[in-house]
Amino acid sequence: MGVTKTDLFTDRQNELAKIAKVFAHPARIAILEYLIQSNSCINGDLVQELGLAQATISQHLRELKEIGLIKGSIEGVSVNYCIDAVRWAEVQNLFQDLFSGFPKISGCC
């Protein structure tokens, strides 16, 4: 497999690709939907909700946290996670800018 030459692309393009890669797993989408619905949760809730192993859930949470979509706080032996509203809006704007760049024309190319 070849090396990705990220320096050939803009920071925005690289950021969109990184975010899209994180969104590309259905377990992460399920985690985000659960967090949106519940407005916060304890890591253990996700194991029961999704039926995945604790280690698997933790790995997916780490991926979401690395791009800043979620944040967590430690309370005793539990970690509470929630959507980072500021970052969520930034990501939403990035994708909105991408999708709104397509002109609404009829016909075929």
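**View 1. Strand 2 (residues 70–75) pairs with strand 3 (residues 78–83) in the antiparallel sense, over six bridges.** Two strands count as paired if DSSP finds at least two bridges between them. Helices (H or I, at least four residues) and strands (E, at least two) are DSSP runs numbered from the N terminus. Glu75 has Ser78 of strand 3 as its bridge partner. The hairpin of strand 2 and strand 3 has two residues between the strands, and Gly76 takes a positive phi near 70° there. The model is predicted: local features need pLDDT of at least 70, side-chain atom pairs count only at pLDDT 80 or more, and totals for chains, interfaces and linings use all residues. Residues are numbered from 1 along each chain as its sequence is written, and side-chain values use heavy atoms, with hydrogens and water left out.

**View 2. His60 sits in helix 4 (residues 54–66).** His60 is buried, at 6% relative accessibility (buried is under 20% relative accessible area, exposed over 50%, partly exposed in between, with a 1.4 Å probe and protein chains only). Leaving aside residues up to four places away in sequence, His60 touches His25, Ala27, Arg28 and Ile31 (contact means heavy atoms within 4.5 Å).

**View 3. Glu15, Arg87 and Glu90 are linked in a network of salt bridges.** A salt bridge is a side-chain nitrogen of Lys or Arg within 4 Å of a carboxyl oxygen of Asp or Glu. Glu15 pairs with Arg87, with the closest N and O atoms 2.8 Å apart. Glu15 lies in helix 1 (residues 11–23) and Arg87 in helix 5 (residues 85–100), so this pair ties together parts 72 residues apart in sequence. Glu90 also forms a salt bridge with Arg87 (3.3 Å, N to O). Arg87 is buried at 15% relative accessibility, while Glu90 is partly exposed at 39%.
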